[in-house]
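Open the model in your viewer and keep the selection panel at hand.

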Amino acid sequence: MKLVILKNHQAIGSWVSKYLSKKITNFSPSLQKTNFVLGLPTGSTPLPLYRKLIQFYKKGDLSFKNVITFNMDEYIGLKKDHKESYSYFMYQNFFNYLDIKKGNINILNGSLNKRKDLILECINFEKKIEKVGGIDVFLGGVGVNGHIAFNEPGSSMLSKTRIVKLDKKTIESNARFFKGEESLVPKQALSVGIKTIMSANEVIIMASGKNKREAVKSAALGVVGSYSPISFLKLHRNFTLVCDIEASSLLDKETINYFKNINS
Ligand code: GLP
């Protein structure tokens, strides 16, 4: 695991945007893999990153023509055009401003009515990931309780894309997007699993702000376990946690120096 500590939220966006655009630009297609495959998050954390990537595209420095995306999660029960659906979020904040091919965008459909169709949606999502040769880079945020995507505490390390029940803490925290009303927050979602994320070639998790400091601490210092799903990523062969000073404020100097030595 690598740890990158930056000044603030904006700096996280700048760092990850530069890193990722290099990866996308340097990608060379092969017989097995014709497109760069990117896993994407929603939430407030990736917004500065998305703005930067749009700027690079507008300047002509970056193209998404050869990029296939898979979003991490989606609420169950919201139509795609609902303002708080992750689908709406992604188009409004990112996809509408890029040259990405619409057919290359994959977002789980949580608006299906029947449970069996939702299950099939999850199975097909995994199949699609496999078909395009797996995910090159999975980008993510982290919840206050250490969740990644909607893999809440208690999630299995072997979990794949599936229906999940949202944790009380997540509902409380996401109520800010639903007029502050917890009752309006969907109680279930579709989410890629820990195994889906662990199978990516590379994972980058971004964490900004004081309320993420426990999650960052569990990733850097805690034991590996489902109490904090981000802690599983320590076992990944290429995992980078990019956080700001506030999010890293529970880490002691020794730990920070340890990671500095590893990174250099
Ligand atoms: C949401 C999403 C996660 C996201 C997390 C953090 O519940 N399901 O994928 O990483 O919460 O959100 P934010 O970046 O707004 O803090």
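Select residues 9-26, helix α1, and then residues 47-59, helix α2; the two pack at an angle of about 45°, with 8 Å between their axes. This is a predicted model. Angles under 35 degrees would count as roughly parallel and 65 to 115 as roughly perpendicular, so α1 is oblique to α2.

Next, show side chains at the contact. On α1, select His 9, Gln 10, Gly 13, Ser 14, Val 16, Ser 17, Lys 18, Leu 20 and Ser 21. Colour the selection by residue class: the contact of α1 with α2 divides into 6 nonpolar, 6 polar and 3 charged residues.

How many helices and strands does the chain have? There are 8 helices and 10 strands. The radius of gyration is 17 Å, close to the 18 Å given by the globule rule for 264 residues, so the chain is as compact as a globular protein of that length. Along the principal axes, the C-alpha atoms fill a box of roughly 50 × 45 × 35 Å.

Two further displays cover the chain. Colour by relative accessible area: buried residues make up 53% of the 264 residues. Then draw the contacts with a separation of 6 or more; residues 24 or more positions apart account for 79% of them.

Note on methods
Residues are numbered from 1 along each chain as its sequence is written. This is a predicted model: local features need pLDDT of at least 70, side-chain atom pairs count only at pLDDT 80 or more; totals for chains, interfaces and linings use all residues. Side-chain values use heavy atoms; hydrogens and water are left out. Axes are lines fitted to C-alpha atoms, for helices over the stretch in contact, and angles run from 0 to 180 degrees between N-to-C directions. Helices (H or I, at least four residues) and strands (E, at least two) are DSSP runs, numbered from the N terminus. Angles under 35 degrees count as roughly parallel, over 145 as roughly antiparallel, 65 to 115 as roughly perpendicular and the rest as oblique. Contact means heavy atoms within 4.5 Å. Ala, Val, Leu, Ile, Met, Phe, Trp, Tyr, Cys and Pro count as nonpolar, Asp, Glu, Lys and Arg as charged, and the others, Gly among them, as polar. The radius of gyration is taken over C-alpha atoms; the globule rule is 2.2 Å times the number of residues to the power 0.38. Buried means under 20% relative accessible area, exposed over 50%, partly exposed in between (1.4 Å probe, protein chains only).
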